[in-house]
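Thanks for making time this morning. I would like to walk through one structure, beginning with the way its chains meet and then turning to a few individual residues.

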Protein chains: 2
Amino acid sequence: MLGRSDTYTPTNSASKSTLWGDFKYPRDTEIFGEGEPANFVYHINSGAVRTFKLLPDGRRQIGAFHLAGDIFGVENGGAYRLSAEAILDTRVRIAKRERLFAEPPELGAFSTKELLTLLTKTIEHAENHLLLLGRQNAVERVAAFLTEMDQRLQSPETLILPMTRRDIADYLGLTHETVSRAFAILIHSGVFSFPGPSHREIVLHDRTKLTRMALWPEHPLR
Amino acid sequence: MLGRSDTYTPTNSASKSTLWGDFKYPRDTEIFGEGEPANFVYHINSGAVRTFKLLPDGRRQIGAFHLAGDIFGVENGGAYRLSAEAILDTRVRIAKRERLFAEPPELGAFSTKELLTLLTKTIEHAENHLLLLGRQNAVERVAAFLTEMDQRLQSPETLILPMTRRDIADYLGLTHETVSRAFAILIHSGVFSFPGPSHREIVLHDRTKLTRMALWPEHPLR
DNA sequence: CGACTCCTTGACAGCGTTCAACAGTAGTGG
DNA sequence: CCACTACTGTTGAACGCTGTCAAGGAGTCG
């Protein structure tokens, strides 16, 4: 397991006077590992990150995807609860936890209220995800995933997803084959168009069609 | 949906000078509903509580069981994220949120640090549960459930579970039949004894056997 | 005692996994 | 520029775990 110092590329190293420093992580590299001391908090400038847990036999559960503008790696205890990897080449701003949550707060640092809000958002997301993993079928999961990404990317004209089918599968508790089949079902049922190119991108050209998906009577969206 | 005032039984009503008041909820009654204003925080004196989300068609996902000594109903936002019901006749102490988290804190109130710890524990539990729901099979889920309850009840000589098979199933994302079959498999594989009586209780007489279960090489416990 | 709930067990169906083959794309190096 | 490889995604076929449906036993309560 590579430590952070082995993988980051400083583009503007954090001096003692600036709270945040800029770093880059190439695609598919580890940002931090589950159980490591949670010394840093990350803010994504561009790119995307997956956080996940692994079982000893390799089974993986992705807890969340983090996109540009998101903050991740915020811990209250001393260690990261999940591992984090870059999905794409990703630029992040990093702050030392002890400074970000210093008492009294320094300029640009997090207030306790902001920390509470972050943690609450994490809980909300996890609890909605529990319902999805425990009680929704494959097509519902994939549809909910698309809806979530669409909302988080603020319903762009073209929805481009950075993660692979396997990432989506490990997020939704499915196999990548089942995810692929669920996409096919959604396509053939006219829920959205899928003009390709097919490689690592899903392009949704018609926003109204995605809106219709969200209004399925059979689809119990969160 | 009944309001709290319709279901509680005051045994020692909260006066303006005491932070906590005592109340009782009969078995299978609602304590609060998802989306209601989160005006109270609950501390369980005796009994047990389930918190859960429902889909419109009735599918239910239990997020957590709360036992004697546990605190639940703590929210940062304004509304409860899950519904809560008493599993047994349950005695709780209730505090008004605004007083419990008042600034400056009054005597007996929560510090921000304690609140953060509570929220962090909630996140940890949820994220472990995501892995269970997304990536573990039925027998693994039931075994993990037993291990969790055993730990939380501090490995008592006899482990008595207050919840029904259906509650367990809705906690583990299974059906009650599958839970029942998983118990049978664990029993027949000699992991633990199951002498009954069979009604709404699972009695584990041999603690060392439960310990052996936790040490299964094939069982990737959390 | 009768009605109800809870639990177990069997038979069967079905959804999702597993295994496999193949196509399309990107990346690499000659 | 092209050959080669690796990776991603799609699709088919068969399997199997879990869900569904059903029946029956046991305990509880009025």
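This is a predicted model: local features need pLDDT of at least 70, side-chain atom pairs count only at pLDDT 80 or more; totals for chains, interfaces and linings use all residues.

Residues are numbered from 1 along each chain as its sequence is written, chains are lettered from A and ligands numbered from 1 in the order in which they are written, and side-chain values use heavy atoms, with hydrogens and water left out.

Taking contact to mean heavy atoms within 4.5 Å, 37 residues of chain B are in contact with 37 residues of chain A. Polar contacts are pairs of N or O atoms within 3.5 Å, where, within protein, one must be able to donate a hydrogen and the other to accept it, and residues adjacent in sequence count only if both atoms are side-chain atoms; across this interface there are 20 residue pairs in polar contact, both residues being at pLDDT 80 or more. On the side of chain B that touches chain A, β6 (60-67), α3 (112-135) and α5 (165-172) of chain B each supply at least two residues, with helices (H or I, at least four residues) and strands (E, at least two) being DSSP runs numbered from the N terminus. The largest share of that side, 18 residues, comes from α3(B).

One salt bridge joins the side chains of A:Glu127 and B:Arg81, at 2.6 Å from N to O. With buried meaning under 20% relative accessible area, exposed over 50% and partly exposed in between (1.4 Å probe, protein chains only), A:Glu127 counts as buried at 10% relative accessibility, and B:Arg81 is likewise buried, at 12%.

Within chain B, B:Arg50 deserves a moment, being buried with a relative accessible area of 6%. B:Arg50 forms a salt bridge with B:Glu85, the closest N and O atoms being 2.8 Å apart, and B:Glu85 in strand β8 and B:Arg50 in strand β5 (residues 48-54) are 35 residues apart. The side chain of B:Arg50 also meets that of B:Asp167 in a salt bridge of 3.0 Å, N to O, and this pair links strand β5 to helix α5 of chain B across 117 residues.

Turning to chain A, there are seven helices and nine strands, and buried residues make up 49% of its 222 residues. A:Thr51 lies in strand β5 (residues 48-54), is buried at 8% relative accessibility, and makes a side-chain polar contact with the side chain of A:His66 at 3.4 Å.

Finally, what is the nearest side chain of opposite charge to A:Arg141? Counting Lys and Arg as positive and Asp and Glu as negative, with His and the chain ends not counted, it is A:Glu140, 6.9 Å away, and A:Arg141 is buried yet has no salt bridge.

How values were computed. A salt bridge is a side-chain nitrogen of Lys or Arg within 4 Å of a carboxyl oxygen of Asp or Glu.
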